[in-house]
Amino acid sequence: MDDVAAFLTSEETSSEQIAEDNGLIDRARTQAENLLTAHVATVVSNTQYADYSVDVDWDD
């Protein structure tokens, strides 16, 4: 069982590094920021909060 856990941990780390190296993390963050900003803008439109904005701060 320990071998399986070690393998899975190793594969997870490897996958994260591959995603980082290929820019997938940055693209996912950008897409998440765009979706969140658009969603909040839609929700608050025509309300007293329409002039609010979203500021996404990633806690690395």
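Glu12 is partly exposed, with a relative accessible area of 48%; buried means under 20% relative accessible area, exposed over 50%, and partly exposed in between, with a 1.4 Å probe and protein chains only. The model is predicted, so local features need pLDDT of at least 70 and side-chain atom pairs count only at pLDDT 80 or more, while totals for chains, interfaces and linings use all residues. Residues are numbered from 1 along each chain as its sequence is written, and side-chain values use heavy atoms, with hydrogens and water left out.

The protein has 2 helices and 0 strands. Its radius of gyration is 18 Å, well over the 10 Å that the globule rule gives for 60 residues, so the protein is more spread out than a compact globule. That radius is taken over C-alpha atoms, and the globule rule is 2.2 Å times the number of residues to the power 0.38. Helices (H or I, at least four residues) and strands (E, at least two) are DSSP runs, numbered from the N terminus. Along the principal axes, the C-alpha trace spans about 55 × 25 × 15 Å. Of the 60 residues, 5% count as buried. The accessible surface comes to about 5400 Å², and 52% of it belongs to carbon and sulfur atoms; such areas come from the Shrake-Rupley method with a 1.4 Å probe, and for residues only the protein chains shown count as cover.

Helix H1 covers residues 2-21, which is 20 residues. From its first C-alpha to its last it reaches 29 Å, close to the 28 Å expected at 1.5 Å a residue; the expected span is 1.5 Å times one less than the number of residues. Glu12 lies in this helix, and its C-alpha atom is separated by 21 Å from that of Trp58, 46 residues apart along the chain. Val4 also has its place in H1 and is partly exposed at a relative accessible area of 47%. Together, Val4, Phe7 and Leu8 make a nonpolar surface patch of about 300 Å². Patches are made of residues with over 30% relative accessible area and no salt bridge, with like charges joined within 9 Å and nonpolar side chains (Val, Leu, Ile, Met, Phe, Trp, Tyr) within 5 Å. A salt bridge here is a side-chain nitrogen of Lys or Arg within 4 Å of a carboxyl oxygen of Asp or Glu. Just after H1, Gly23 takes a positive phi of about 80°.

Asn34 is placed in H2 and, at 47% relative accessibility, counts as partly exposed. Asn34 and Val54 are 20 residues apart in sequence and 9.9 Å apart in space, C-alpha to C-alpha.

The segment after helix H2 (24-44) holds Asn46. Most residues other than glycine have a negative phi. Asn46, however, has a positive phi of about 60° although it is not a glycine. Asn46 is exposed, at 80% relative accessibility.

A search of the whole structure finds 1 aromatic pair. The ring centres of Tyr49 and Tyr52 are 5.1 Å apart and the planes stand at 75°, so the pair is edge-to-face. Rings of Phe, Tyr and Trp (its six-membered ring) pair if their centres lie within 6.5 Å; planes under 30 degrees apart count as stacked, over 60 as edge-to-face and the rest as tilted. Tyr49 is partly exposed at 37% relative accessibility, whereas Tyr52 is exposed, with a relative accessible area of 54%.
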